[in-house]
Amino acid sequence: MQEIDFDKIRKQVDIVKVISSYIPLIKKGKNYLGVCPFHNDSNPSLTVSYEKQIYKCFSCGASGNVFTFVKEYEGISFIEAVKKVCQLSNLPIPEFNERKEKQIDDHDSRLYKLMDDLKNYYMYQLDLSKTAKDYCEKRFLSKDVIDNFGIGYAPSDPKLSVQYLISKGHSLDDILLVGVAHQDSLHQLVDNYANRIVFPILNSDGHVVGFSARRIIDNDEAKYINTKETKIFNKGSILYNYHQAFKYVFKEKVLFIVEGFMDTIALYKCGVKACIATMGTALTNEHVNLIRRFKGEIRLMFDADKAGRIATLKALKVINDRTINVRVVKKLENKDIDELLNSYGKDYVLEQINKTESPLEFILTNTFDEYNFNNYEDRRDYALNSLTMLKNLDLQPLDVEYYLGLIAKKAMLNQQVIKELYYKQLNKKKVVSKTNKQTLIISEFRDRFEVAERILIKLLLNDVNACRILDNAQYYYIDNSDYQQIVMYIMNEYSKYNDNRIDGLLDENKRLFDICMEIDSQEYEPIEINEIIKILSEEKLKFMQKQELKNSLLKEIDPRKQAMMIKEQLKGGKK
């Protein structure tokens, strides 16, 4: 079977037509505008370029090509997105079963099969064990819950599960590799989770990759034993119940993020099925990438103790960077959801999880726990720090009034004084920010040389004629290695297809694609490409002359001769 040419597919597709099948687009100039589906957008902020065949949201930063749009919008794999794009564009759907880059290798397949066999064995053993069934009954784990979450029991004899896996054809090496067994003092392989209730952990594709095992009798052993990180299991990139939750998330319109699988199960018992858990680790960028596909409201519901508040603050920082629509559930008691459910019942839990606050409200009331609010100086410092945080945010007037009231109440200070201080700081910020826009842009970069390099890239991105001019010019004097790669990519596209599209760069190097998006979004003084080429050549020549002088000075030990060399260099520079 032939290798699939994704570039060829992309070149045959019109991104405007594909995105229009999902959201309405309005033509404005040479681009198209639409309401961005990747954040809570009220005004059209998504720009779709027919010429470049890419999209970019200037509010939340979402960007990509036709494949990434469909992948993110529908929450499907890359392969499924390619198939969908072909279907929408009336193109033949390619065969993917020999696509090497997307195949699960044979070894991983064996490991997934091993873990699935073990999960089924544990579920079978739960059905046989009265002790395990009594424990489940005590914890209100019904048959529906057990079946839905694949809960099982590892028998008390630690050799049985290993013998079962061997009987299914799995090797001792693989059993060790997935972290479900270890060698005992007699060098025999034994189950890590013997005499425990076992909760399987699935990855986003629905493969079992690990287990969490809870003791069922009170003793000195650890309450939980979790699979250590393995070839197929990484806690920082896996969320408990993710595969199941996304069957329901678009129907329920809200996705809950909790700390542990018992919280997830407790919400399931309340009828809330769109819930995932971080399994005792901090929310990571990889986790956020998994939940970005959901366009509704994310509700964080970590523990109410100090550790839970810190975890929430860290999670908000990660999520806020991705501009995801997030709320924090207010927890009135220092109990987990399972305890609340068992103490007060389903209706009470459902009522509590609908009491939410904005991330800013949570931050303002929880960030400054170390302050002693019985002390005036601490209350004053809290107010000043909070106002500093507030003035850097783009808030509506009503929001400002609400948060100023919140700060005044917590600090036990006069709200009018707080308000006057806020607007005084805000006006000061506005005066400072009145500087020339072009000067600000230039000051971000190391020198005139880098600015010229960035302008060159912007010209190439926006005018295919610039590629034709540069094609006949010497452009190898670009110094920045990232910019070199970008220019070479664009010029290669021009030489092959006579266009300046960069939609394929996203698949090759997302970081470089993001740099292109950043450069394209910035404004520069109008300038012709020939002038930029001239600037680059002059700056490169100066750089080379400086390097040559530096090397010569290092070789020359006579200070007088060194001085003469520098003098000659300066004279040459003035000509």
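Is D499 buried or exposed? With a relative accessibility of 16%, D499 counts as buried, where buried means under 20% relative accessible area, exposed over 50% and partly exposed in between, using a 1.4 Å probe and protein chains only.

## About the model

This is a predicted model, in which local features need pLDDT of at least 70 and side-chain atom pairs count only at pLDDT 80 or more, while totals for chains, interfaces and linings use all residues. Residues are numbered from 1 along each chain as its sequence is written, and side-chain values use heavy atoms, with hydrogens and water left out.

The protein has 575 residues, and 45% of them are buried. Its secondary structure comes to 28 helices and 16 strands; these are DSSP runs numbered from the N terminus, helices being H or I with at least four residues and strands E with at least two. Taking contacts between residues at least 6 apart in sequence, 64% join residues at least 24 apart; contact means heavy atoms within 4.5 Å.

## Around D499

Back to the opening residue: D499 is placed in the loop between α24 (481–497) and α25 (505–508). Its side chain reaches the backbone nitrogen of R501 at 3.3 Å. Leaving aside neighbours within four places in sequence, D499 is in contact with K11, V464, I490, E493 and Y494.

## Aromatic pairs

Rings of Phe, Tyr and Trp (its six-membered ring) pair if their centres lie within 6.5 Å; planes under 30 degrees apart count as stacked, over 60 as edge-to-face and the rest as tilted. By this rule there are 21 aromatic pairs. One of them joins F149 and Y240, whose ring centres are 6.2 Å apart and whose planes meet at 10°, so the pair is stacked. This pair links distant parts of the chain, 91 residues apart: F149 is in helix α7 (residues 143–149), and Y240 is in the loop between β11 (224–226) and α10 (242–245). F149 is buried at 7% relative accessible area, and Y240 is buried at 2%.

F199 and F261 make a tilted pair, 4.4 Å centre to centre with 35° between the planes. F199 in strand β9 (residues 196–202) and F261 in helix α12 (residues 261–269) are 62 residues apart, so this pair too links distant parts of the chain. Both F199 and F261 are buried. Ring pairs link F149, F199, Y224, Y240, F261 and Y268 into a cluster.

## Charges over rings

A charge sits over a ring if NZ of Lys or CZ of Arg is within 6 Å of the ring centre and within 35 degrees of the ring normal. K27 lies over the face of Y32, at 5.6 Å from the ring centre. The charged end of K410 sits over the ring of F373, 4.7 Å from its centre.

## A five-stranded sheet

Five strands form an open sheet with mixed pairing, in the order β13-β12-β14-β15-β16; two strands pair if DSSP finds at least two bridges between them. At the edges stand β13 (275–277) and β16 (356–357), each with a single partner strand, so one side of each lacks a neighbour in the sheet. Strand β15 (residues 326–329) runs antiparallel to β16 and is joined to it by two bridges. V329 has T356 of β16 as its bridge partner.

Helix α12 packs on this sheet, touching β12 (254–258), β13 and β14 (297–301), and its direction makes about 170° with that of β13. Here axes are lines fitted to C-alpha atoms, for helices over the stretch in contact, and angles run from 0 to 180 degrees between N-to-C directions.

Terms used. A polar contact is a pair of N or O atoms within 3.5 Å; within protein, one must be able to donate a hydrogen and the other to accept it, and residues adjacent in sequence count only if both atoms are side-chain atoms.
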